[in-house]
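Dear colleague,

Please find the structure below.

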Amino acid sequence: MTTVQLQAHFDAKIEADLSIEAKDWMPDTYRQNLIRQIGQHAHSEVIGMLPEANWLTRAPTLRRKAVLLAKVQDEAGHGLYLYSAAETLGCSRQDIYQKLLNGKMKYSSIFNYPTLSWADVGVIGWLVDGAAIVNQIALCRASYGPYARAMVKICKEESFHQRQGYEAVMTLAKGNEAQRTMLQDAINRFWWPTLMMFGPNDSDSPNSAQSIAWKIKRFSNDELRQKFIDNTVPQLEALGMTAPDPALTWDETTGHYRFGEINWDEFYQVLKGRGICNHERLEAKRRAWENGGWVREAASVHAKKMAAKKQAVSSVT
């Protein structure tokens, strides 16, 4: 088949909502777009372990510690699923991970904010994972099959994380005045960065339109952000807490909440590596990569020995 015919076949599959699989022909721009998106998604999962791991030794009860440890382990698993999905596109896991360490690939801006109190851990579970679910449920229908299938499992676990987070903040909301104050402070600090997670406004997003055309994404950044706000404000009210947005009001005409202008200057500064924790997050991953070199080397040697042993047995039989 000619390139024109292959492109027509690809376009027809996208139009018919049929999955594109790893062995299918695809335009190089589609492949590179997916490597960028899936790679950044994987990086976000592994970087996202750090803010919560900060509280593993300081969780207020053994139950909270066990729950948090399980959640951090889940995030590591999500990163592995996504790196595996990216590899089906022909890229090297080590290559895209090195690009993260070298600052050539990005991750979610939300993880460049510090976790200053225990309430932050609950708010991350409730707000940050809640925002991730809104975005990721749609990705379960992404046009690229390996990505969509990875997201099905990830979304099930993220939904559990969000419920855990809401249970934690509900406990604080029912607590004493100091606990309620701590919770409100955490909400005040994470509300706007959570809204930034969905990316720039549609008019300023360089990749959204093409991703939607290819059905990698099903909804725009602004649509997903609005859905999150509509879902979350009633939960906020049930907690007896408030959002740090005086413009947040219900619009009877549109059937949606109206909200204030996001500080996009802050968003872009964080993306450029000038956030509160950008240096700290990447430095932690660089140290882990360097200190874990002997483990990777040992695993590689062991794998070669096992392959040679298997080959020897096959030759005898």
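**Domain interface**

The C-alpha centres of domain 1 and domain 2 are 28 Å apart. Domain 1 covers 3–274 and domain 2 covers 276–316, with bounds that come from an automatic or database domain assignment. The contact (heavy atoms within 4.5 Å) takes 17 residues from domain 1 and nine residues from domain 2.

This is a predicted model: local features need pLDDT of at least 70, side-chain atom pairs count only at pLDDT 80 or more, and totals for chains, interfaces and linings use all residues. Residues are numbered from 1 along each chain as its sequence is written, and side-chain values use heavy atoms, with hydrogens and water left out.

About 1300 Å² is buried between domain 1 and domain 2, and carbon and sulfur atoms give 62% of that; buried area is the accessible area (1.4 Å probe) that two parts lose on being put together, summed over both. On the domain 1 side, Leu50, Leu101 and Asn112 lose the most area to domain 2, together 38% of what that side buries.

Which polar links did the rules find across the interface? There are six residue pairs in polar contact, both residues at pLDDT 80 or more (N or O atoms within 3.5 Å; within protein, one must be able to donate a hydrogen and the other to accept it, and residues adjacent in sequence count only if both atoms are side-chain atoms). Salt bridges number zero (a side-chain nitrogen of Lys or Arg within 4 Å of a carboxyl oxygen of Asp or Glu).

Regards
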